[in-house]
Amino acid sequence: MRSKFFYFSLLITVAIFVALIYVVQPLKILNAIQNLRPDLVLIAFLIYPISFILRGVRFECIMKEIGYRTGYGFAVMAVAISQTLNVITPVRVGDLGRAYIYKRREIPYQSSLSGLAAERIYDVIAILLIALFSIVFVSLEFLDILIYATAFLLLVLIVVIILSRTRGYVARIMIDTKSVVFSGNTLKLLPISLFIWLMDVLTCYIILQSFAAISLPLPAFAVAAGNIAKTLPITPGGIGTYEATVTLILSTKLPKDQALVVSFIDHAVKNVSTLVMGLVSSLKLGISFKDVRV
């Protein structure tokens, strides 16, 4: 069943790319690729890995709040491996994979899952804050996206609070999640989360400069919306849905061919960086990706 869904998600990915290429036109895309500046792409490759270091620092801080410490280096490598799994699978298997990695350090699944739930909430909050700030400078025509995303966040927080007041395994996870999200550490974890996603934005912004000196709010909103679209687990790593969303928003200020190339290279830089860091981390920790795919 899992393999069938994987192949189905690949088919959707291919269909999205075929549609994008058909609409934008292949020759225009090739011409746009020729205008890419290799030096800017290289800078993007050097900047993006900073977000992994910040992710590792954040997760270590979250786990400390729950009562466990593994060290920042281990946290960074565990994040890299889990993010790699998220890139190569349509469903976020990497989150469960990270819990497995922490279990090898004798940390209960329950505690890791609580940390992951808190991490996801901070991610959504950070993305929404970036989107809300940038949309003021871009266009209010995309406001519906933010309204739905904000409503979803509020729903998640309400569910966490309600479940934390019940009994059982899920309740214990939600109790720890609530203790992290509504703790004094929010003043530290939220800024870290914002910097993580600003690295994501900056990567796109640098590549975008190959074509035009466009201000930061446009790529900020495009990347935020692209990551909101990626939460729909219909393609591996959100490949296709991310490009389509980012292209749609960037094309409000750029020709469609340039917007598509920026979205494709932006996501490619992020995914290649993730795969490299995940592979190196798996070798360093002696962990097989087959074992982590729980």
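1. From the N terminus on, the elements of the protein chain follow the order α-α-α-α-α-α-α-α-α-α-α-α-α-α. In this predicted model, the chain accordingly contains 14 helices and zero strands.

2. As to overall dimensions, the C-alpha trace spans about 55 × 40 × 35 Å along its principal axes. The radius of gyration of the protein chain is 19 Å, which agrees with the value near 19 Å that a compact globule of 294 residues would have.

3. The contact pattern may be read alongside these dimensions. Of the contacts between residues at least 6 apart in sequence, 75% join residues at least 24 apart.

4. Burial and surface composition deserve a separate remark. Of the 294 residues of the protein chain, 51% count as buried, a class that requires under 20% relative accessible area. The accessible surface of the chain amounts to about 14,100 Å², and carbon and sulfur atoms account for 70% of that surface.

5. Which residues form a nonpolar patch on the surface? The patch consists of Leu-42, Phe-45, Leu-46, Val-272, Val-276 and Val-280, which together have about 540 Å² of accessible area. Helix 3 (38-47) and helix 13 (256-285) are the elements that give two or more residues to the patch.

6. Val-276 is located in helix 13 and has a relative accessible area of 47%.

7. Most residues other than glycine have a negative phi. Gln-25, although not a glycine, has a positive phi of about 90°. Gln-25 lies in the loop between helix 1 (2-24) and helix 2 (26-34). With a relative accessibility of 40%, Gln-25 counts as partly exposed.

8. The second case is Glu-106, a residue other than glycine whose phi is positive, near 65°. Glu-106 is found in the loop between helix 6 (93-103) and helix 7 (109-135). Is Glu-106 buried or exposed? Its relative accessibility is 71%, and Glu-106 therefore counts as exposed, the cut-off for that class being over 50%.

Note on methods
Residues are numbered from 1 along each chain as its sequence is written. This is a predicted model: local features need pLDDT of at least 70, side-chain atom pairs count only at pLDDT 80 or more; totals for chains, interfaces and linings use all residues. Side-chain values use heavy atoms; hydrogens and water are left out. Patches are made of residues with over 30% relative accessible area and no salt bridge: like charges are joined within 9 Å, nonpolar side chains (Val, Leu, Ile, Met, Phe, Trp, Tyr) within 5 Å. Accessible areas come from the Shrake-Rupley method with a 1.4 Å probe; for residues, only the protein chains shown count as cover. A salt bridge is a side-chain nitrogen of Lys or Arg within 4 Å of a carboxyl oxygen of Asp or Glu. Helices (H or I, at least four residues) and strands (E, at least two) are DSSP runs, numbered from the N terminus. Buried means under 20% relative accessible area, exposed over 50%, partly exposed in between (1.4 Å probe, protein chains only). The radius of gyration is taken over C-alpha atoms; the globule rule is 2.2 Å times the number of residues to the power 0.38. Contact means heavy atoms within 4.5 Å.
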